[in-house]
Amino acid sequence: MPEESTVINMMSKRKYIWVFVVLILLAVLYGVKEYNRKPTDLSKVKPEETISAVALITSFKDNEAMANKTFLGKTVLVNGIISEIDNENDTLVNVYLGDSTLFEKVSCSMDMSKSDEYKKLKQGQQISIKGFCTGYLQDVELNRCVIFPQKK
């Protein structure tokens with residue numbers, strides 16, 4: 001009888017080892033999938049909020065907690081005038097929206113997969129930009145931004 005018990009214990013241990021190995025493989029596959037996941041292309045996402053650049057800046061300056069509840073983590077369409085374009089060797093383009101009366105701006109970190117569109121932008125141009133709001137530091141920050149087509 002003791003031999004039979006040992007065989008059952010060995011088979012039981014093998015099952016546990018195989019289950020453990022399969023779980024480890026699934027975890028590794030999930031990790032690789034997440035690591036290689038591309039961010040959502042915001043050009044195809046409907047904006048959750050639409051606001052002017054000056055109103056967005058003012059809402060964060062006046063009541064940051066309320067503005068965070070309204071805009072943080074959402075896709076926002078911002079209308080405004082380009083006050084500055086910061087192009088770092090065509091690797092990172094930031095477009096700043098706002099007016100000359102405010103120190104703060106809306107900083108739009110552009111999606112570089114659409115970089116051909118950004119070369120046509122000019123300071124002082126009226127534009128609509130859609131981006132993912134990540135909060136308020138010195139400026140209101142929008143990431144993965146794309147140019148929203150103007151109605152003609």
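In which sense do β2 and β3 pair, and over how many bridges? They pair in the antiparallel sense, over 6 bridges, where two strands count as paired if DSSP finds at least two bridges between them. The model on screen is predicted, so local features need pLDDT of at least 70 and side-chain atom pairs count only at pLDDT 80 or more, while totals for chains, interfaces and linings use all residues. Residues are numbered from 1 along each chain as its sequence is written, and side-chain values use heavy atoms, with hydrogens and water left out.

**The strands**

Select isoleucine 85 and look across to β3, where its bridge partner is valine 95. Helices (H or I, at least four residues) and strands (E, at least two) are DSSP runs, numbered from the N terminus. Next, colour strand β5 (residues 126-136), which runs antiparallel to β2 and is joined to it by 7 bridges; here glutamine 126 is the bridge partner of isoleucine 81. Then turn to β1, which pairs with β2 in the parallel sense over 4 bridges, and pick threonine 50, which stands opposite leucine 77 in β2.

**The salt bridges**

A search of the whole structure finds 2 salt bridges, each defined as a side-chain nitrogen of Lys or Arg within 4 Å of a carboxyl oxygen of Asp or Glu. Select glutamate 49 and lysine 74, whose closest N and O atoms are 4.0 Å apart. This pair links distant parts of the chain, 25 residues apart, with glutamate 49 in strand β1 (residues 49-52) and lysine 74 in the loop between α3 (64-71) and β2 (75-88). Glutamate 49 is partly exposed, at 24% relative accessible area, and lysine 74 is also partly exposed, at 23%; buried means under 20%, exposed over 50%, and partly exposed in between (1.4 Å probe, protein chains only).

Now move to glutamate 104 and lysine 61, which form a salt bridge with closest N and O atoms 3.5 Å apart. Glutamate 104 lies in the loop between β3 (92-97) and β4 (106-110), and lysine 61, 43 residues away, lies in helix α2 (residues 53-62). Glutamate 104 is buried, with a relative accessible area of 14%, whereas lysine 61 is partly exposed at 41%.

**The nonpolar patch**

Finally, select Ile17, Trp18, Phe20, Val21, Ile24, Leu25, Val28 and Val32, which make a nonpolar surface patch of about 800 Å². Leucine 25 is found in helix α1 (residues 2-35), and this leucine 25 is exposed, with a relative accessible area of 51%. Patches are made of residues with over 30% relative accessible area and no salt bridge, like charges being joined within 9 Å and nonpolar side chains (Val, Leu, Ile, Met, Phe, Trp, Tyr) within 5 Å; accessible areas come from the Shrake-Rupley method with a 1.4 Å probe, and for residues only the protein chains shown count as cover.
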